[in-house]
Amino acid sequence: MAAQRLGGALVFIGFMGAGKSSAAREVAQRLDVRAIDTDRIVEQRLGCTVEEAFARHGEARFREEEERVCVEVLGRVGAGDVVSLGGGALRSEATRAALARHTTVLVDVDLDTAWSRASGRGRPLARDRAAFDALYEGREPTYRALADAVVPGSERGAARRALPWLLRLPDGVRLLWASARSGSYPVLVGRRALEADPWPAPGRRFLVSDETVLARHGERVAQVEATIAIAPGEENKTLATVERVQRELALAGARRGDHVVALGGGVVGDLAGFCAATYQRGVPVVQVPTTLVAQVDSAYGGKTGVDLPEGKNYVGAYHQPVGVLVDVGMLETLPPEELAAGRAEVVKTALIAGGSLWERVAAGHFDDEETVLACARTKLGVVASDERDGGRRQVLNLGHTVGHALEAAAGYGALRHGEAVGLGLLAALRLSGQDALRGQVRELLEAAGLPTALAAPPDLDGVAALLARDKKRVGDDVPFVLVSAPGDVRHGQAVEAAAIRAAVQELAP
Ligand SMILES: NC(=O)c1ccc[n+]([C@@H]2O[C@H](COP(=O)([O-])OP(=O)(O)OC[C@H]3O[C@@H](n4cnc5c(N)ncnc54)[C@H](O)[C@@H]3O)[C@@H](O)[C@H]2O)c1
């Protein structure tokens, strides 16, 4: 898996109701070939529909024929061919092995959508909701493990738009197609992600980065027209730096048809993204995240901006990137304390996702490529459902309400964003009444090399004043994100001021 094989076909996999056949058809149409649907071939061989085959011959007989057909088809197809496999076909080891030569595209669907599309149509495995849910949970890990690319089944035309990258994925690079109302874009994850072909934006490349990152990884971005360096650190995420970068863009002759490449951590990504959002009323930005925070979180979703002395991220704009290129190898030069800071965002994301990501992270896999990919997928899924923070996206603020206030109270730069988020997670879990889970997260944060207490007693009044200025505040309440269990997270929960003070006080050294 995870490699574009020369001579391989595009093979669409996924759960029933995901939209595999339609995705395969639209891609095949673009390539001017006919999509091969293995379910239809099995039906021809058995002389009846899948439903009838289950009823007449039983599932085992159907699977036998399905395996024969899949192995045969996957053995003979090659470059330019498009295939869609039945949802259960990957139970067969022989079929999984036969996939190795091809580029496997998972058409992603959430459980509720899958059920609404598949049930009530006579499908033998979509009659009972509990059994359907169990089947979904059981098959998901196999789909994920085999996927070279993931496209959302909810966005019509996503596979077609992703096609240029699907056809030329560099070896070992995986693709996630990010879907948002204001634009969808490729996310490439792998050591050769920066060799993206095509590059996600036409025009000339204007590289914005910080001095530290430029010294270590600047040469990784090829064909750069001009390079603009900023000083590293949150304290430089300001309007003054924005003005300097934008004036340098102007002096270097950047025009509307050009684009910004943001190479760096969340500070560079947010700042360069904001410069791109506003320079000449908007030019595209390609995000190349180099910290764990940026690779699992800040590079996706289009929130850009800078801080004011009065509040963090107080000035900003939504500006989706046109592509995100993620090389986990770049984390090798990251100082340990910065890696640890990113692990807090990983723990947060795992709490939101639950399931296999939570299990991975709870087992201590904080920053390998699989975890980064799964975190990116979680964030993209949330953003796809609510780009502008009107609802579900707010769950991404888990741990951030108190975290931001602690960060600002300490003075930007004194407490790393990730460290503050880790402490914020502990406060949020206390406010959620989840003592056992709080204990588990505390241990995880310790194992990740993160502080689980403040260095000095908190300034409770200062934190309360900062919470009162929280951007998410509605009326008198600061809405919190609370957790019932990993994977069960609710936003917009009102919490009493006294409880917040107690949860913050508990973080005292
Ligand atoms: N937009 C969003 O959705 C979003 C989400 C989360 C966080 N953020 C923002 O992200 C920022 C924090 O980002 P961060 O933690 O990445 O901090 P950062 O960008 O300040 O990077 C941390 C330090 O690591 C250095 N560095 C970066 N990559 C390196 C590498 N590969 N090797 C060696 N050194 C490297 C940088 O020079 C810097 O000194 C905050 O401003 C936060 O508000 C934004």
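Strands β4 and β5 pair in the parallel sense over four bridges. They belong to an open sheet of twelve strands with mixed pairing. The model described here is predicted.

- At the edges stand β2 (36-37) and β9 (224-230), each of which pairs on one side only.
- Strand β4 runs parallel to β1, and four bridges join the two. In this pair, I13 stands opposite L106 of β4.
- On the β5 side, V107 stands opposite V151 in β5.
- Five of the six residues of β4 are buried, so this strand is largely enclosed by the rest of the structure.
- Strand β7 (residues 185-189) pairs with strand β14 (residues 323-326) in the parallel sense, over three bridges. Here V187 stands opposite V324 in β14.

- Helix α15 (residues 369-385) lies across β4, β5, β6, β7 and β14. Relative to β6, α15 runs at about 15°.

**Nonpolar cores**

- The largest nonpolar core has 148 residues, and F12, L85 and V187 touch the most other members.
- Helix α17 (residues 417-431) supplies the largest share of this core, with nine residues.
- Leaving aside residues up to four places away in sequence, F12 touches K20, A23, A24, V27, V82, V83, S84, L85, V105, V107 and A159.
- In soluble globular proteins, nonpolar side chains tend to be buried together.

**The pair α17 and α18**

- The axes of α17 and helix α18 (residues 435-447) come within 9 Å and cross at roughly 170°. The two helices are therefore roughly antiparallel to each other.
- On the α17 side, the contact is made by G422, L426, L429 and R430. On the α18 side, D435, L437, R438, V441, R442 and L445 take part.
- By type, the residues of this contact divide into five nonpolar, one polar and four charged.

**Backbone details**

- The peptide bond from D197 to P198 is cis, with omega near 5°. P198 lies in the loop between β7 and β8 (205-210).
- Q223 is not a glycine, although its phi is positive, at about 50°. The residue sits in the loop between α9 (211-217) and β9. With a relative accessible area of 66%, Q223 is exposed.
- N313 is another residue other than glycine with a positive phi, near 55°. N313 is placed in strand β13 (residues 311-318). Its relative accessibility is 23%, so N313 counts as partly exposed.

Note on methods. Residues are numbered from 1 along each chain as its sequence is written. This is a predicted model: local features need pLDDT of at least 70, side-chain atom pairs count only at pLDDT 80 or more; totals for chains, interfaces and linings use all residues. Side-chain values use heavy atoms; hydrogens and water are left out. A nonpolar core is a set of buried Ala, Val, Leu, Ile, Met, Phe, Trp, Tyr and Cys residues joined through side-chain atoms within 4.5 Å. Buried means under 20% relative accessible area, exposed over 50%, partly exposed in between (1.4 Å probe, protein chains only). Contact means heavy atoms within 4.5 Å. Axes are lines fitted to C-alpha atoms, for helices over the stretch in contact, and angles run from 0 to 180 degrees between N-to-C directions. Angles under 35 degrees count as roughly parallel, over 145 as roughly antiparallel, 65 to 115 as roughly perpendicular and the rest as oblique. Ala, Val, Leu, Ile, Met, Phe, Trp, Tyr, Cys and Pro count as nonpolar, Asp, Glu, Lys and Arg as charged, and the others, Gly among them, as polar. Two strands pair if DSSP finds at least two bridges between them.
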